[in-house]
Amino acid sequence: MSAAAAPARTSPVERGGIPVAGPRERAGDRLFRLTVTGFAGVILLAAFALAWQLTRGSLQTWKAFGFSFLTRTVWDPVSNDFGALPFLYGTVVSSLIALLIAVPLGVGSAVFLAELAPRRVSDAVSFAVELLAAVPSVILGLMGIFVLVPAVRACEPFLSKWLGFLPLFRGAPYGIGLLSAGLILALMILPYITSIAREVLLTVPRPLKEGMYALGATRWEMVRSVSLPYARSGIVGAAFLALGRALGETMAVTMVIGNTPQISASLFNPAYSMASVIANELAEAAGDKHLSALIAIGLVLFGVTIVVNGAARLLIYKTEGRK
Amino acid sequence: MNDAAYARRKRVNALMLGLTAVCAALSAGVLFAILGYIAWKGASSLSLSFLTNLPKPVGESGGGIANSIVGSAKVVGLAGLMGIPVGVLAGVYLTEYGKGSRFAFLVRYAADVMNGVPSIVIGLFAYALVVMPLKRFSALSGSVALALIMIPIVLRNTEEFLRLVPGTIREAALALGIPRWKVVLFVILPTAGRGIMTGALLALSRVAGETAPLVFTAFGNRFWNQGWLNPIATLPLTLYNDAISPYEDWHRQAWAAALILMMFVLAINLTARLWLRPSAPAH
């Protein structure tokens with residue numbers, strides 16, 4: 001509905017805007033309105049151009065392999081034979097490891113920050129956690145190479161001793177591999193989960209909590225049976241948002257995952273992720289077909305993050321908008 | 001009544017709440033551990049000559065990252081020049097003109113999509129947009145990639161802060177007979193100016209640490225940077241190349257570069273957040 005058409009009975013601000021273009025719009029106003037509209041259009045254009053470029057650039061690959069591109073395990077730039085499955089596998093598994101670690105840790109922190117900590121402590125800790133999100137990924141990657149990987153290498157023999165009955169924890173302790181990638185991703189997504197979960201937990205209505213206390217519940221019982229269920233969809237949303245970040249995270253993963261396109265059951269083994277293969281190979285792509293295959297992987301990544309982020313927004317909105 | 005059960009519930013309560021405190025301490029502790037470790041490893045390699053010299057050829061030790069610092073400033077600066085005006089003006093459109101229109105909805109949706117797209121995919125886009133037609137890696141293509149990352153961040157932030165400007169201010173200014181565009185530029189924008197600038201600064205610090213989209217756009221360079229249409233070194237790129245190199249000396253330089261980058265990012269974040277009290281929406 002155009003605001004201009006609405007009768008000016010209420011205050012323009014109450015209607016949610018000031019009349020856009022009346023019959024008496026001045027030339028300068030018109031110019032300014034068209035200019036800012038144009039700038040807004042740039043963003044729309046950029047989003048369409050992005051989707052179009054990725055589609056156009058990867059057409060060759062889709063024509064050559066069809067959807068089997070996603071299920072084939074070969075990656076051979078020399079003979080122009082491409083399949084994306086090892087990369088999909090590496091991305092998905094490392095992201096899942098990250099979620100498994102970061103969700104409990106993040107939700108635990110959020111419960112502490114929202115329910116227990118005094119306001120000042122809560123603000124300070126939230127601030128530190130949010131700063132963690134500002135640490136550039138390449139610096140975390142550097143920490144990964146020189147601190148995390150040696151530590152993981154030292155721990156892996158123990159993991160395989162105690163948990164070796166699972167195929168996940170078998171094999172040579174390289175240090176670099178899916179486990180390290182998952183750990184570093186966990187670090188990167190932890191701030192998102194913590195800060196969103198905290199915000200969502202802060203929206204839990206006070207009367208509900210007080211009702212639970214009045215029934216004689218302990219604070220933990222209140223958290224478990226009121227706060228967490230109330231915030232559930234928001235927390236799931238936070239996890240999805242974090243997943244979206246983890247799937248597309250490039251540098252830190254590239255530096256610790258081992259960059260080997262293989263699928264193996266063990267988390268100790270080197271692997272490869274979709275974002276990493278683009279970062280490593282695009283600059284020296286061997287030819288059109290190689291380039292096209294890399295762009296195809298980019299298109300898949302683009303599609304997946306749109307879906308995941310869309311789901312996240314929906315879930316978070318569902319909780320926060322309920323107030 | 002049932003003392004044993006009550007004691008058990010109390011114990012569970014203490015245990016679980018204690019665990020949440022441990023989680024929080026761990027999450028915040030990681031940041032300090034990272035900062036401390038970088039400061040420790042980086043400080044020993046940091047010197048004036050490291051900041052003012054060019055990298056030495058492979059095999060010689062020493063050398064510095066002067067070209068990367070200048071390169072980062074150039075690439076990020078140009079990205080800001082492209083990204084901030086687009087983001088701010090589009091934000092003006094959304095709050096001042098686009099209330100309830102379908103076009104505004106689409107723009108907002110597009111910004112959300114762009115915001116969620118991994119930076120490596122934005123890099124691919126810049127590659128197709130600038131590198132392929134020019135057939136060369138360039139500072140310009142790196143700036144385009146970073147600008148595309150900045151635009152949605154700046155846009156959403158601008159929108160949040162413009163929305164906080166009271167409607168009465170708009171009406172008062174309009175009632176004085178001031179043309180609409182002057183009201184927006186000289187009354188509304190300055191009112192929200194602090195928040196908008198903070199958001200722009202945070203967006204700059206965010207892209208200053210971006211590496212992934214630069215690997216195949218700005219590409220990197222071990223010499224002085226020449227012009228906008230040639231490959232250019234930036235701090236994160238040099239850090240990355242040093243880190244994955246096999247040379248001990250380069251590793252040392254990577255830590256020093258990390259310290260500089262981290263100080264820059266921290267300085268901006270701290271200023272922005274302290275300058276602008278908590279009402280700031282998160283990115």
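Colleague: What makes Ala293(A) buried?

Modeller: Ala293(A) has 27 other C-beta atoms within 10 Å. A residue is buried if 20 or more other C-beta atoms lie within 10 Å of its own, exposed if 12 or fewer, and partly exposed in between, with C-beta atoms placed from the backbone. So Ala293(A) counts as buried. The model is predicted: local features need pLDDT of at least 70, side-chain atom pairs count only at pLDDT 80 or more, and totals for chains, interfaces and linings use all residues. Residues are numbered from 1 along each chain as its sequence is written, while chains are lettered from A and ligands numbered from 1 in the order in which they are written.

Colleague: Where is Ala293(A), and what does Ala293(A) touch?

Modeller: Ala293(A) sits in helix α11 (residues 288-320) of chain A. Helices are DSSP runs (H or I, at least four residues), numbered from the N terminus. Leaving out residues up to four places away in sequence, Ala293(A) touches Thr61(A) and Phe82(A). Contact means that the C-beta atoms of two residues, placed from the backbone, lie within 7 Å. Pro118(A) is 175 residues from Ala293(A) in sequence and 53 Å away in space, C-alpha to C-alpha.

Colleague: Why is Tyr174(A) called partly exposed?

Modeller: Tyr174(A) has 18 C-beta neighbours inside 10 Å, so the label is partly exposed. Tyr174(A) belongs to the loop between α4 (137-163) and α5 (178-202) of chain A. Beyond four places in sequence, Tyr174(A) touches Arg153(A), Gly258(A), Phe268(A) and Pro270(A). His290(A) is 116 residues from Tyr174(A) in sequence and 29 Å away in space, C-alpha to C-alpha.

Colleague: What makes helix α10 (residues 274-281) of chain A mostly covered?

Modeller: Six of the eight residues of α10(A) are buried. They are Met274(A), Ala275(A), Ser276(A), Val277(A), Ile278(A) and Ala279(A).

Colleague: On to chain B. What stands out about phi of Lys135(B)?

Modeller: Phi of Lys135(B) is near 60 degrees, a positive value in a residue other than glycine. Most residues other than glycine have a negative phi. Phe219(B) also has a positive phi, near 75 degrees.

Colleague: How do you know whether Lys135(B) and Phe219(B) are buried or exposed?

Modeller: Count neighbours. Lys135(B) has 7 C-beta neighbours inside 10 Å, so Lys135(B) counts as exposed. Phe219(B) has 21, so Phe219(B) counts as buried. Lys135(B) is in the loop between α5 (119-134) and α6 (139-163) of chain B. Phe219(B) is in the loop between α9 (193-208) and α10 (235-243) of chain B.

Colleague: Now the chain pair. How many residues of chain A and chain B are in contact?

Modeller: 74 residues of chain A are in contact with 76 residues of chain B. On the chain A side, the largest share, 18 residues, comes from helix α1 (residues 27-65) of chain A. That side of chain A divides into 49 nonpolar, 20 polar and five charged residues. Ala, Val, Leu, Ile, Met, Phe, Trp, Tyr, Cys and Pro count as nonpolar, Asp, Glu, Lys and Arg as charged, and the others, Gly among them, as polar.

Colleague: Why are α1(A) and α3(B) called roughly perpendicular?

Modeller: α1(A) and helix α3 (residues 66-97) of chain B pack at an angle of about 115 degrees, with their axes 8 Å apart. Axes are lines fitted to C-alpha atoms, for helices over the stretch in contact, and angles run from 0 to 180 degrees between N-to-C directions. Angles under 35 degrees count as roughly parallel, over 145 as roughly antiparallel, 65 to 115 as roughly perpendicular and the rest as oblique. Therefore α1(A) and α3(B) are roughly perpendicular. By class, their contact has 12 nonpolar, two polar and one charged residues.

Colleague: What makes α2(A) roughly perpendicular to α1(B)?

Modeller: Helix α2 (residues 85-116) of chain A packs against helix α1 (residues 3-43) of chain B at about 110 degrees, with the axes 7 Å apart. So α2(A) is roughly perpendicular to α1(B). The contact of α2(A) with α1(B) has 11 nonpolar, four polar and no charged residues.

Key. Helix = DSSP H or I, 4+ residues; strand = E, 2+ residues; numbered from the N terminus.
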